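Try each task yourself before you read its solution.

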Amino acid sequence: MHHQTTANPLLFLILSALLAGCSIGPTQQQVEFEKPVYPKAPDEPRFYWQEMLTNNTNVEQEDEDKAMERWLTGKRRSGSGLGKPFDVSVHKGQVYVSDTVLREVLVFDRPGYSYRKIGSQGKGKLRKPFGIDLDDAGNLYVIDGANKQAFMYDPDGAFIKTIGTEDMFDRPTGIAVTDDGSRLFIVDTAGVSSTNHRVRVFDVASGDHLFDIGSRGQKDGEFNLPKNAEIGSDGLLYVNDSANFRVQIFNPDDGSFIRSVGSIGRQTGNFARPKGIAVGKDGNLYVADSAFGNFQIFNPEGQLLLFVGGRGGSGGPGQFMLPAGLDVDEDGRVYMVDQFFSKIAVFRPAAVGEDDGYFKVLRESIKREE
């Protein structure tokens, strides 16, 4: 005999309230805050703070049983968090983060509601991952500062090979790859007692070292403690020349110098401790500065357009103490690492909705598959 059950309205309301907050991480749970807007009113908004990634609960969903158990026991939801993140790279809504303390690359699959780790075991085991980048096919490239090699993984995180050898670098930290995955650029920061401040260029398929860009100095095309690199939407190579307080731009085919952006100073448009760099599809240059606690946006001509964020001790939305890696995704969202607060802050352009672009497309494809 079939027995019809009557739903408990109170239980339904409790479960609904719990499940509505399932994807909220421990640092954000039950916290009310105002989402910053840049620039502030009365100016027209151009960027909004969207979210903060700190641990797996920010992307993984919690099932009904676990939500009910947590409510009954009064426990807060906990997860596996970041240790000391260094760099970030985004591919089709998936956020890759290198972590020098956890010694692996963590992947926040925001639209796919999943979380995974790369480089934690086997032949591709990492010791101190620094700069990371991805090609258009989704292959991941990681520079390991302890192994002094670049590690290459396929889109599923399987190890493919290493590029370069330990004797070829002093202190490698940054990495960039061409969109087609044919050429790799490794930034050797070196040190104050070394003259090997340069970018070493490799053929990805063969692993051969092709040529070097730059040497130590202050002239055009020379470096002083270079940190990161990026292949821009214009196909050019951008290098953070940190101790010369500028970003230098090169022809990636032959390493010839084209132009530079920035200078030392305390005002907006200047650099004090430039770290991560990225280039949007519109050609704008984004530079994170750990002294200012923000990132600045420059147009292709090098003119300052806007600065986003600022120094703050709470670590709340838009507040930073030690910004590092930076990336801009296909939809124009900006992702910035804060090493001190172990977080990835996400900002979206005013023209992009919270679920627009790859966020919306991939979520809809997942629903169709289910």
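Residues are numbered from 1 along each chain as its sequence is written, and side-chain values use heavy atoms, with hydrogens and water left out.

**Exercise 1. Find the stretch where pLDDT is below 50.**

Start with the average: the protein has a mean pLDDT of 89 (the predictor's confidence in each residue, from 0 to 100), and 86% of the residues score at least 70. Next, go to residues 1-31, where the pLDDT is below 50. That stretch still has 40 contacts beyond near neighbours in sequence (contact means heavy atoms within 4.5 Å). Where pLDDT is low, the predicted coordinates should not be read in detail.

**Exercise 2. Work out the strand order of the open sheet that holds E21.**

First, a strand here is a DSSP run (E, at least two residues), numbered from the N terminus, and two strands pair if DSSP finds at least two bridges between them. The order is E19-E20-E21-E22, with antiparallel pairing. At the edges sit E19 (274-279) and E22 (304-308), each pairing on one side only. Now zoom in on E21 (residues 294-298), which is joined to E22 by four bridges. Phenylalanine 298 has leucine 304 in E22 as its bridge partner.

**Exercise 3. Take arginine 110 and track down its salt-bridge partner.**

The cut-off is a side-chain nitrogen of Lys or Arg within 4 Å of a carboxyl oxygen of Asp or Glu. Arginine 110 pairs with glutamate 51, and their closest N and O atoms are 2.8 Å apart. Finally, check burial (under 20% relative accessible area is buried, over 50% exposed, partly exposed in between; 1.4 Å probe, protein chains only). Arginine 110 counts as buried because its relative accessibility is 13%, and glutamate 51 is buried too, at 10%.

**Exercise 4. Is asparagine 244 buried or exposed?**

Locate asparagine 244 in the loop between E16 (237-241) and E17 (246-250). Its relative accessibility is 14%, so asparagine 244 counts as buried. Who touches it? Leaving aside neighbours within four places in sequence, the contacts of asparagine 244 include Gly217, Glu222 and Phe223.

Conventions
This is a predicted model: local features need pLDDT of at least 70, side-chain atom pairs count only at pLDDT 80 or more; totals for chains, interfaces and linings use all residues.
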